[in-house]
Amino acid sequence: MFDVTRGAGTFHNIYKTGIETETAVGVLHEGNESGEGTMRRFEVAPGIQITYNDLKMDSCFRPIRFEKNFLQINHCLEGCYECELEGGSVSFLGEGDLCVDYLSKDKQIFLGSHIPLKKYRGVTVLLEMETAQQTLDQGFQQAHICLEQIRDRLCTDGRSLIIRSKHEIDHIFSELYSVDERIQGPYFWIKSIELLLFLSLLDGSAVCRPQQFSVDISKQTQKVYQYIIENPFCRDTIQDLSYMFGLSESSLKRCFKSISGAPIGTFIKEKRMEAAAEMLIYEPTLSIGEIGNTAGYENQSKFSAAFKSVIGVTPQVYRHKYR
């Protein structure tokens, strides 16, 4: 059973150190006028913990001064997380991204954070530098893992985003999301070591600094995202959307991909086909050709090909299966 902790600021408990408990530390829950979120926190070993994050809110940020130094490794499974940085810019952690942050007691790199889509699911591996290093030296000395070397190589500016070696990232984290509860304790230890070994081999060719955008570009791009969600059959081009919302095409494309995890053209197509799929079920009097025309395809065969590329089956098969 989990102990559930509720209240404002409870998420900051993940940065408290020296807690001596069983493997499962508990559930942290926060709620405010914008929504709610839950973090399931596990103490893997002294100085090392894993947290599962499921947030459905605009923001849970509160200023915090760290009492110790941490290496924080975040993997985003679904949604997006926006961080406000010094100088008035923002950066994003999007679907499939792996980000490494150095959280220093002497310097704050984050001035705020938001969840633009009110949806973020992911895993955080948090290491309190001093205690975690002692744990690694005593429990897995043959690996020669040095947290300071990982920090110095990857976090010269405070944070880095892993953009290559995607196969290895997916391999490590996909299994973390589906681990059987009966083996969580030892499995978390094994996966933590695997992740740190992977990071210790990386150099500058495998990472990049997160793209940064102005607050205005971020806000306007989020409006574009919402517009597409609300108008899946709109015929606006990317050029039209950039003009409508006062953005350059290049800024819109780069920021949109950071937020949604997909290029804007791909996202538009996916939402259009998802809306067409709903029509196939709930508008039985409309022919497939008519639905295709609504989706912007005058040719039914082109609509069928586009539909199958997104949904996985043809409109005919989909309607027959689900109506």
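Predicted model: local features only at pLDDT ≥ 70, side-chain atom pairs only at ≥ 80, totals over all residues.
Two packed helices are described by the angle between their axes and the distance between the axes. For helix α10 (residues 300-311) and helix α11 (residues 315-322), the axes come within 8 Å and cross at roughly 65 degrees. On the α10 side, the contact is made by Gln300, Phe303, Ser304, Phe307 and Ile311. Their partners in α11 are Pro315, Gln316 and Tyr318. By class, five of the residues in this contact are nonpolar and three are polar, while no charged residues take part.

Glutamate 130 is located in helix α1, which spans residues 129-139. The relative accessibility of glutamate 130 is 54%, and the residue therefore counts as exposed, the cut-off being over 50%. Glutamate 130 and leucine 77 are 53 residues apart along the chain, and their C-alpha atoms are separated by 29 Å.

The structure contains zero disulfides. A disulfide requires two cysteine sulfur atoms within 2.5 Å. For cysteine 60, the closest cysteine sulfur is that of cysteine 83, at 10 Å, which is too far for a bond. Cysteine 60 has a relative accessibility of 10% and so counts as buried. Cysteine 99, at 2% relative accessibility, counts as buried too. Both assignments rest on the cut-off of under 20% for buried residues.

Definitions and conventions:
Residues numbered from 1 in each chain as written. Heavy atoms only, no water. Axes fitted to C-alpha atoms, helices over the stretch in contact; angles between N-to-C directions. Helix = DSSP H or I, 4+ residues; strand = E, 2+ residues; numbered from the N terminus. Contact = heavy atoms within 4.5 Å. Nonpolar A, V, L, I, M, F, W, Y, C, P; charged D, E, K, R; others polar. Buried < 20%, exposed > 50% of the residue type's maximum accessible area, 1.4 Å probe, protein only.
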